[in-house]
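Student: I have a structure to look at, and I would like to know what stands behind the terms used for it. Can we go through them one by one?

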Amino acid sequence: MGGRGNKGRFVGLDSSAAALERISERGQAGPVLADAMDLPFPDASFDAVTARHMLYHVPGPDRALREARRVTCPGGRVLATVNHGAGLPHLVAMVKEVVGGLGLDAPGYRGLASSEDLPGRMREVFGEVSVTRRDNALVFAEPEPVIRYAVSVLALYGLPPGAEGYAAAAELGHRTRRWFEENQGPWRDPKGYTVCVSERS
């Protein structure tokens, strides 16, 4: 945004120190280590606030939205983006089979916000909301990106850390490589998202 002529202050907030290190390295925004449900800023601090693909990681997405509204100036805008709840059905099915095969419960994706409920959550907090829904897909020509993606979401499906995680990662790698050998790729999985924008009254 700075490259487009915006001269205001940019702040990048995350609860992950590693993510903030990347922000610092790029020099794009001032990094702030904090909780989205308890923002360390006074009321009406920003002209615009974005919550991009993070509300499904927050225990209280409604509280996070209320905090976003609080720190936004009157007339400012809040933008939130989340994925469809039923995205990546093929990859999800494989992860759940692997986790279940280890004798562990696979309760399903633990995200608390999705395309199906975000518009209603935004209306509760802001009143009016503009909703844009996009249906898309992830397409992988080789197995390694599929494996990395599958391993990255294991924790979201209830897998505890430790030896089970290594066993699950190995099995995911085996199954994915076998799929590519049998089907000659590419791996295509539906994955859409929704963008909601509200103005702070």
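**Cores, sheet and single residues**

Tutor: The model is predicted. Its largest nonpolar core has 24 residues, and Leu-55, Leu-118 and Met-122 have the most contacts inside it. The elements β3, α2, β4 and α4 each give two or more residues to this core. Apart from it lies another core, of 16 residues, including Leu-88 and Met-94.

Student: What makes a set of residues a nonpolar core?

Tutor: Its members must be buried residues of kinds such as Leu and Met, joined through side-chain atoms within 4.5 Å. Nonpolar side chains tend to be buried together in soluble globular proteins.

Student: Which residues does Met-122 touch, leaving out those up to four places away in sequence?

Tutor: Met-122 touches Leu-65, Val-78, Ala-80, Gly-127, Val-129, Cys-196, Val-197 and Ser-198. Each counts as a contact because heavy atoms lie within 4.5 Å.

Student: Why is Thr-72 called buried?

Tutor: Buried means under 20% relative accessible area. Thr-72 has 0% relative accessibility, so the residue counts as buried. Thr-72 is found in strand β4. Among its contacts beyond four places in sequence are Ala-44, Phe-46, Val-49 and Arg-200. Thr-72 and Val-49 are 23 residues apart in sequence, and their C-alpha atoms are 6.7 Å apart in space.

Student: Why is Asn-83 called buried?

Tutor: The cut-off is under 20%. Asn-83 has a relative accessible area of 16%, and therefore counts as buried. Its place is in strand β4, residues 72-83.

Student: What makes the pair Asn-83 and Tyr-56 a polar contact?

Tutor: A polar contact needs a pair of N or O atoms within 3.5 Å, and within protein one must be able to donate a hydrogen and the other to accept it. The side chains of Asn-83 and Tyr-56 make such a contact at 3.1 Å. Asn-83 also touches His-53, Ser-114 and Tyr-193, among others.

Student: What is the order of the strands in the open sheet?

Tutor: Its 4 strands stand in the order β3-β4-β8-β5, with mixed pairing. β3 (46-52) and β5 (130-134) are at the edges: each has a single partner strand, so one side of each is left without a neighbour in the sheet. From one strand to the next, the twist averages 10°.

Student: How do you know that β5 and β8 pair?

Tutor: Two strands pair if DSSP finds at least two bridges between them. Here 5 bridges join β5 to β8 (residues 193-199), and the two run antiparallel. Arg-134 stands opposite Tyr-193 in β8.

Student: Which helices lie against these strands?

Tutor: Helix α2 (residues 61-71) packs on the sheet and touches β3 and β4; its direction makes about 150° with that of β4. Helix α4 (residues 118-126) lies across β4, β5 and β8, and runs at about 10° to β8.

Student: How many helices and strands are there in the protein?

Tutor: There are 6 helices and 8 strands. Along the sequence, they follow the pattern β-α-β-β-α-β-α-α-β-β-α-α-β-β.

Student: What percentage of the residues counts as buried?

Tutor: Of the 201 residues of the protein, 36% count as buried. The protein exposes about 11700 Å², of which carbon and sulfur atoms supply 50%.

Note on methods
Residues are numbered from 1 along each chain as its sequence is written. This is a predicted model: local features need pLDDT of at least 70, side-chain atom pairs count only at pLDDT 80 or more; totals for chains, interfaces and linings use all residues. Side-chain values use heavy atoms; hydrogens and water are left out. Buried means under 20% relative accessible area, exposed over 50%, partly exposed in between (1.4 Å probe, protein chains only). Accessible areas come from the Shrake-Rupley method with a 1.4 Å probe; for residues, only the protein chains shown count as cover. Axes are lines fitted to C-alpha atoms, for helices over the stretch in contact, and angles run from 0 to 180 degrees between N-to-C directions.
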